Amino acid sequence: QPRRNPSSKQRFLLEFSQCLVDFVVQLLPTVEELAVKEDVRKLLERLIRTIEPESRLLSFGSTANGFSLRNSDMDLCCLIDSDERTTASNLVTLLGDLLERETKFHVKPLPHARIPIVKLTLDPSPGLPFGIACDIGFENRLALENTRLLMCYAMIDPARVRTMVLFLKVWSKRRRINSPYHGTLSSYGYVLLVLYFLIHVKNPPVLPNLQQMSPIRPVSKEEIHLNGFNIWFFDDIELLRQRWQSANTETVAELLIDFFKYFSREFSYSLGVASIRAGLLKKESKGWSTEPDPITRRERNRFGIEDPFETDFNVARCVTKEGLFVIRGEFMRASRVFSARPERAIVALAQLCE
Ligand code: CTP
Ligand code: MG
């Protein structure tokens, strides 16, 4: 049954916004789950300190940025505050042996990966029906910073930003387009797309650009540069909330529907790069060629998403031609669900995630 008058459209949008909120709330991690994960982090940190006494083990990724869903993986980063540290690949091997001996985790050290990590999994048990999956990396300070940036964006407008991001994460997993190993996009990539849309596409914007705001106090060199990248952003969210309010009053339903429309029809995949730092950029100006890599013959840069700090890094570099075709097809499919003017919000939601 088509909806006819504007008030029924308004009613649908309100109902759909509420459905989205209810849907993501029931997928949030429980307090118990968060407590178990924190215990695991502490246990692992204690063990690592028997090898490197001056180390810290910090959470990053979804467990630390406010975009975590039930049973999501744990991303941990080991920082070593001493000068005479062993190399990351040596540590991966040492730590792998230690955890194998001392814990019930299944341990898989990957000392020769591009970024050396130890992969851990814990089998499901009554208290932990889905077990735990955890990656431990080393000295990945940029990831800690981009986690903090994402967390700040989540805090500015949790009702709209978190709902939208969490929904897209669930949706992309259910539609099977959340797998860099299979040519589609990581969760991190989807989060950046949402932020790009809310900062640069929406007018008036839903979010300010934290990386382009002026600092309110003098900033030291260490606060600005890390590994040659500018990592500064406005992070006093309490103050920001007092001084800044978005002029955009759209509901989360309207924003989501418009997001699908923009990424199915308007974004220029062939030429454009989505950057939360600088808006829409050109692949050409970044030197991101779409020709296959001359050495590996792997295709690259089909889809361009700039990392907020590591600006020469394409977060969507793993997306293949087929992967992009499927992702765009999914954005279009989602758009069609709404252009068919569904009567009931709950039915539209079910269709989206089917
Ligand atoms: N990351 C990154 N560069 C990438 C991918 C990931 O720096 N190309 C870092 C980011 O700090 C990101 C974290 O790794 O927050 C985790 O990435 P990912 O697992 O994709 O996102 P999560 O939010 O943890 O999503 P999920 O809950 O699906 O694990
Ligand atoms: Mg993760």
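**View 1. Contacts between domain 1 and domain 2.** Seven residues of domain 1 are in contact with ten residues of domain 2. The model shown is predicted. The domain assignment of the protein chain places residues 31-143 in domain 1, while domain 2 is formed from two segments, 157-207 and 246-353. Between the C-alpha centres of domain 1 and domain 2 the distance is 29 Å.

**View 2. Area buried between the two domains.** Domain 1 and domain 2 bury about 760 Å² between them. Carbon and sulfur atoms give 70% of this area. On the side of domain 1, the residues that lose the most area to domain 2 are Phe67, Leu69 and Leu142. Together these three residues give 72% of what the domain 1 side buries.

**View 3. Polar and charged features of the domain interface.** Two residue pairs are in polar contact between domain 1 and domain 2, both at pLDDT 80 or more. By class, the side of domain 1 that touches domain 2 consists of three nonpolar, three polar and one charged residues. The number of salt bridges found across the interface of domain 1 and domain 2 is zero.

**View 4. Residues around ligand 1.** Ligand 1 is surrounded by 15 residues. The closest of them are Ser62, Asn146, Lys169, Lys173 and Ser187.

**View 5. Polar atom pairs at ligand 1.** For Asp75, a polar side-chain atom lies 3.2 Å from an oxygen atom of ligand 1. Ala143 takes part through its backbone, with a polar atom 3.4 Å from a ligand 1 oxygen. Taken alone, ligand 1 exposes 580 Å², and the protein buries 81% of that area.

Definitions and conventions. Residues are numbered from 1 along each chain as its sequence is written. Chains are lettered from A and ligands numbered from 1 in the order in which they are written. Side-chain values use heavy atoms; hydrogens and water are left out. Domain bounds come from an automatic or database domain assignment. Contact means heavy atoms within 4.5 Å. Buried area is the accessible area (1.4 Å probe) that two parts lose on being put together, summed over both. A salt bridge is a side-chain nitrogen of Lys or Arg within 4 Å of a carboxyl oxygen of Asp or Glu. A polar contact is a pair of N or O atoms within 3.5 Å; within protein, one must be able to donate a hydrogen and the other to accept it, and residues adjacent in sequence count only if both atoms are side-chain atoms. Ala, Val, Leu, Ile, Met, Phe, Trp, Tyr, Cys and Pro count as nonpolar, Asp, Glu, Lys and Arg as charged, and the others, Gly among them, as polar. A residue is near a molecule or strand if one of its heavy atoms lies within 4 Å of it. Accessible areas come from the Shrake-Rupley method with a 1.4 Å probe; for residues, only the protein chains shown count as cover.
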